[in-house]
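Have the model open as you read.

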Amino acid sequence: MIKVAIFVDIQNVYYTVREAYGKNFDYNMFWAKATANRSVVNAFCYAIDRGDQKQREFQNILRAIGFNVKLKPFIQRSDGSAKGDWDVGIALDAMEYAEQADVIVLVSGDGDFDLLVNKIRTKYGKRVEVYGVPQFTAATLTHEASQFIAIDKTFLLN
């Protein structure tokens, strides 16, 4: 059976899906498609922890689906700007699991991941599937992916 490792950039998916469609991403539908006839090595969702109840409930739903949820604290800087992204953490985890999986699934449109996707394909010879909202996914990322899967109405909650 094909082994898959999944990496979901929750912030990126949330904001791009909301901007494009005004709806929420259907994690159950995504899980069903990404794991069909595959063995899951590991599946991670990366989020910023703001500590509110609604967010904790969402994280519990993700865990019930089968995801490991990784959290980073939300950091508000004194100048009013905020910090809270998982790019380096996602890249490190994807590199670690690239040796164990046949397919790497990345859910993000962030062009910063194009180098990661290229490295996993060329160094490890692995298939990399990228899921993203077409109009908000970097062209460099779709170019580097083995396959780009558009997040469209199929992957939206009603």
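Predicted model: local features only at pLDDT ≥ 70, side-chain atom pairs only at ≥ 80, totals over all residues.

Residues are numbered from 1 along each chain as its sequence is written, and side-chain values use heavy atoms, with hydrogens and water left out.

Start with the sheet: 6 strands, open, parallel pairing, in the order β3-β2-β1-β6-β7-β8. Helices (H or I, at least four residues) and strands (E, at least two) are DSSP runs numbered from the N terminus, and two strands pair if DSSP finds at least two bridges between them. Because β3 (68-73) and β8 (147-150) stand at the edges with a single partner strand each, one side of each has no neighbour in the sheet. Strand to strand, the twist averages 20°. Parallel strands β1 (residues 2-9) and β6 (residues 103-107) are joined by 5 bridges, and I6 sits opposite V105 in β6.

Contact means heavy atoms within 4.5 Å; axes are lines fitted to C-alpha atoms, for helices over the stretch in contact, with angles from 0 to 180 degrees between N-to-C directions.

| Helix | Strands | Angle |
|---|---|---|
| α2 (residues 27-35) | lies across β1, β2 (38-49), β6, β7 (127-132) and β8 | about 150° to β1 |
| α5 (residues 114-124) | touches β6 and β7 | about 155° with β7 |

Now for the inside. A nonpolar core is a set of buried Ala, Val, Leu, Ile, Met, Phe, Trp, Tyr and Cys residues joined through side-chain atoms within 4.5 Å; buried means under 20% relative accessible area, exposed over 50%, partly exposed in between (1.4 Å probe, protein chains only). The largest such core has 27 residues, and I6, V8, Y27, F30 and F67 have the most contacts inside it. Helix α2 gives the most to this core, with 4 residues. Among the residues I6 touches, leaving aside those up to four places away in sequence, are F30, W31, F67 and V105. A second, separate core of 21 residues includes A5, F7, I104 and L106.

Over in helix α3 (residues 53-65), Q55 counts as buried because its relative accessibility is 16%. Q55 touches I48, D49 and R50, again not counting residues up to four places away in sequence.
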